[in-house]
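Please keep the sequence and the structure in view while reading.

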Amino acid sequence: MPLNIYDSNFYTKKINKSIFNSRILKSMKYLKINNKSLDISFISQYMMKKINYKYRKINKSTDVLSFFYDYSDSVLMGEIFISIKDAEKNCNKNNNTLLDECSILTIHGILHLLGYDHDTKKKEQSMFDLQEKIYKKVI
């Protein structure tokens, strides 16, 4: 279960990468994600806005985006992009540390990779309940 973290601007110096890694690997294990790797990129709001527009036609930044790779022969499950600035805004709103917020956003992204969505109230409740359950198990 390799976990690849990319951070070209050293955004992750603000979080304990060892604890973050541990939490995400535990989350993947809990979700029975075996023999797959995951790429996580910490990016600027500017880059997030560009990606969000290119793939979703939404011309603004967001906190997390995930992209599933449907290649049966590939070990790469997908990519998760996290905007540190948007994560920091969430910290203030949710009263979380940046480490906690990035962990939650990554779990959220993983759930999207597994097919979970929040486009209806019922699906949203189910997804966010599972997200919270996983988060509480890995902290």
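A crossing is left-handed if the near helix is turned anticlockwise from the far one by less than a right angle, and right-handed if clockwise. The model is predicted, with local features needing pLDDT of at least 70 and side-chain atom pairs counting only at pLDDT 80 or more, while totals for chains, interfaces and linings use all residues. Residues are numbered from 1 along each chain as its sequence is written, and side-chain values use heavy atoms, with hydrogens and water left out. Helices (H or I, at least four residues) and strands (E, at least two) are DSSP runs numbered from the N terminus.

**Helix α3 with α4**
- Helix α3 (residues 84-94) packs on α4 at an angle of about 110°, the axes being 9 Å apart; axes are lines fitted to C-alpha atoms, for helices over the stretch in contact, and angles run from 0 to 180 degrees between N-to-C directions.
- That angle makes α3 roughly perpendicular to α4, given that angles of 65 to 115 degrees count as roughly perpendicular, under 35 as roughly parallel, over 145 as roughly antiparallel and the rest as oblique.
- The α3 and α4 crossing is right-handed.
- In α3, Ile84, Ala87, Glu88, Asn90, Cys91 and Asn94 meet Leu98, Glu101, Cys102 and Leu105 of α4, where contact means heavy atoms within 4.5 Å.
- This contact of α3 with α4 has six nonpolar, two polar and two charged residues, with Ala, Val, Leu, Ile, Met, Phe, Trp, Tyr, Cys and Pro counted as nonpolar, Asp, Glu, Lys and Arg as charged, and the others, Gly among them, as polar.

- Among the residues in the contact of α1 with α4 are Phe20 and Ile24 of α1 and Ile107 and Ile110 of α4, and the contact divides into eight nonpolar, three polar and two charged residues.
- Helix α1 (residues 17-30) and helix α5 (residues 121-138) pack at about 125° with axes 9 Å apart, and are therefore oblique to each other.

**Largest pocket**
- The largest pocket has a volume of about 270 Å³.
- Of its 15 lining residues, Arg56, Val64, Leu65, His112 and His118 are the closest to its centre; on a 1 Å grid over the protein atoms alone, a pocket is an open set of points where a 1.4 Å probe fits, with protein on both sides within 12 Å along at least five of seven lines, and lining residues have an atom within 4 Å of a point.
- Strand β3 gives the most to this lining, with four residues.

Definitions and conventions
Points joined across faces, edges and corners; volume = space filled by probe spheres on them.
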